[in-house]
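Visitor: Could you take me through one part of this model up close? I'd like the details in one go, with the cut-offs spelled out.

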2 protein chains.
Amino acid sequence: MKRVTIYDVANEAGVSLATVSRVINGSNVVKGGTKQKVEEAIEKLGYKPNAIAQGLALQKTTTIALVIPEASFTYTGQIINGLLDVAKIYKYNIMLHTTTEGINEINDIIENIIKSRVDGVVIYNDKLMREELNTLTKYNVPIVIIGNKVSDAKISSVYVDIENAVYELVMKYLEGGKRDIAIIQDRKNGYSIDQMINGAKKAYATKGLEFNGYLEIPGQYRTSYDFMKDYLQDHKHDLIIANRDSQAIAVVNAAKENGIDIPKEMEIVCVIDTKYNSMMRPQISSFAIPSYDLGAVSMRVMTKMLQENTDDIDKEIELSYLFTPRQSTL
Amino acid sequence: MKRVTIYDVANEAGVSLATVSRVINGSNVVKGGTKQKVEEAIEKLGYKPNAIAQGLALQKTTTIALVIPEASFTYTGQIINGLLDVAKIYKYNIMLHTTTEGINEINDIIENIIKSRVDGVVIYNDKLMREELNTLTKYNVPIVIIGNKVSDAKISSVYVDIENAVYELVMKYLEGGKRDIAIIQDRKNGYSIDQMINGAKKAYATKGLEFNGYLEIPGQYRTSYDFMKDYLQDHKHDLIIANRDSQAIAVVNAAKENGIDIPKEMEIVCVIDTKYNSMMRPQISSFAIPSYDLGAVSMRVMTKMLQENTDDIDKEIELSYLFTPRQSTL
DNA sequence: TTGAAAGCGCTAACAC
DNA sequence: GTGTTAGCGCTTTCAA
């Protein structure tokens with residue numbers, strides 16, 4: 001099919017292109033008769049407005065860039081779903097970018113985002129990337145950060161107070177006389193882990209104690225499972241807190257291997273879980289982090305930033321978590 | 001920061017915009033000196049070419065639309081990663097669209113895709129959507145289908161022969177004298193299930209038998225677990241084949257509940273699994289479906305379609321699977 | 001080697 | 001109500 005433009009439609013309908021444009025954009029100044037002629041022409045020619053040309057003329061693309069870390073779709077999937085659902089409602093398109101480890105990588109993405117002239121960018125990334133954000137704001141691109149509490153003239157954020165979640169959890173255990181608490185760390189997810197550790201530290205400090213239950217594990221399930229199997233032979237804790245359910249599961253399985261009864265001898269909690277947690281035995285107690293909402297609300301905030309005066313919006317939105325006890329805790 | 005255009009750069013450098021354009025696009029006819037002047041001006045002004053304007057002028061957007069079903073990122077995540085990695089190499093952007101159930105929904109997406117003038121679209125969807133594909137080809141958009149074997153002037157496909165995978169598996173069991181085989185179905189993933197059933201039918205037919213081991217289950221883990229718990233009280237099979245590991249896990253857990261020994265009394269295989277499978281006990285035997293490769297190869301094929309004469313490319317690419325026995329089979 | 005100018009397809013003042 | 005026209009920012013002939 002030959003490319004059909006607004007001119008072709010105008011010719012076919014015997015009107016000017018301005019009129020066609022009006023019809024496309026639902027202007028109600030067009031007379032019924034002409035409108036119908038135009039619509040028939042559009043139908044007949046199979047005309048679809050060129051969003052690129054519209055973008056050029058209007059200086060906006062109605063697309064949002066979404067930046068997420070590569071690989072972990074298990075956890076970001078729900079965020080994406082939430083974001084896309086809201087984006088659909090407001091007719092925004094989503095350009096997907098994933099970040100890998102390299103620093104150059106991220107600069108390429110920023111460059112790319114600026115060139116593509118998206119109307120805004122939503123970032124879910126564990127690393128804060130202050131500097132990269134600055135180049136984005138320099139180009140006046142509105143930003144929404146998922147998972148971190150930050151804000152600025154052009155930056156909003158939607159997050160869950162994980163630090164406090166862990167604080168409350170640890171406090172409960174400390175008050176129950178259980179003091180041997182460890183937090184699992186891996187090299188990824190640095191920011192989340194930092195928050196978790198801060199929460200624990202705070203709780204310990206409240207009790208006049210010092211926290212140092214760091215448990216550094218490898219990045220993959222298999223290796224961390226092996227690691228834990230060794231580790232648990234001569235260590236045990238009252239409570240182990242993991243970031244992801246997969247890490248918690250590694251602990252659970254390793255504990256089984258060592259004949260450690262969960263939850264009686266050792267309890268386990270994770271911060272974020274997936275649908276697979278419900279298939280495990282025991283199921284891991286977790287904080288119900290509202291992933292879908294994180295995505296949906298972020299996109300909603302973005303649409304607001306794009307419509308209203310930025311000053312009038314709530315720039316930092318905290319979503320609530322809910323501790324959900326399951327079989328891995330008493 | 002004020003919007004800086006190619007004109008500004010031209011002024012700053014004291015050359016015409018044509019020259020700036022040449023420098024941006026790496027034309028080697030520009031003299032060293034001028035080139036440097038231009039580059040300095042670009043640097044000084046922080047100029048980034050407007051991809052939208054380029055798209056208009058060049059009639060191409062260097063972006064590809066990716067269409068996937070909503071929700072199941074657990075399984076599509078790797079596909080996306082593969083696709084993005086290759087897209088990055090060839091400097092293509094990815095526009096992400098997810099399909100939900102409604103039929104109108106999908107038409108909206110197609111409409112949207114056409115308007116956005118992407119250079120091509122990659123579709124991973126269980127429903128074949130012949131008609132929708134037609135409207136896309138009518139507008140000359142190159143298409144790559146993941147998971148289905150289809151091809152056409154403007155359509156390529158990358159897939160795994162699941163029918164044959166199941167055929168071989170079932171044959172093996174039939175030859176071992178095990179004839180009570182069932183395939184789990186849910187309403188989603190219709191096409192994959194059809195292939196699986198066809199494979200089973202073929203195998204049975206080869207042996208002069210008829211296959212009718214359909215096992216219709218609910219869509220969610222919890223409900224299908226409950227269903228299986230009931231079902232297994234008075235049914236048992238030699239082998240149950242599921243599409244997803246989550247479904248297989250529902251069976252495994254329900255079997256445990258009923259004191260059925262897996263794999264001794266009943267064996268279970270799934271077609272696609274996730275990293276969570278390795279955390280389960282027993283681990284489900286599965287076909288190693290190369291998800292990442294499905295994505296990567298699809299994107300690679302797309303780049304070829306975009307560069308070469310479509311006739312010269314291999315339009316149907318079959319990726320191989322590998323049956324991986326684990327603890328759920330003997 | 002560089003510049004001038006005609007598009008690419010559309011929107012939005014402005015004029016009629 | 002409808003048409004005319006000047007952009008939006010870039011690429012690419014065609015001349016010089």
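Guide: Let's start with the buried area between domain 2 of chain A and domain 3 of chain A: about 980 Å², with carbon and sulfur atoms giving 49% of that. Buried area here is the accessible area (1.4 Å probe) that two parts lose on being put together, summed over both. On the domain 2 side, A:Y75, A:D126 and A:V160 supply 62% of what domain 2 of chain A buries against domain 3 of chain A, more than any other three residues.

This is a predicted model, where local features need pLDDT of at least 70, side-chain atom pairs count only at pLDDT 80 or more, and totals for chains, interfaces and linings use all residues. Residues are numbered from 1 along each chain as its sequence is written, chains are lettered from A and ligands numbered from 1 in the order in which they are written, and side-chain values use heavy atoms, leaving out hydrogens and water.

As for the bounds, domain 2 covers 63-160 + 291-319 and domain 3 covers 162-289 of chain A, taken from an automatic or database domain assignment. Their C-alpha centres lie 29 Å apart. The contact (heavy atoms within 4.5 Å) takes 11 residues from domain 2 of chain A and 12 residues from domain 3 of chain A.

Between these two domains you'll find 0 salt bridges, a salt bridge being a side-chain nitrogen of Lys or Arg within 4 Å of a carboxyl oxygen of Asp or Glu.
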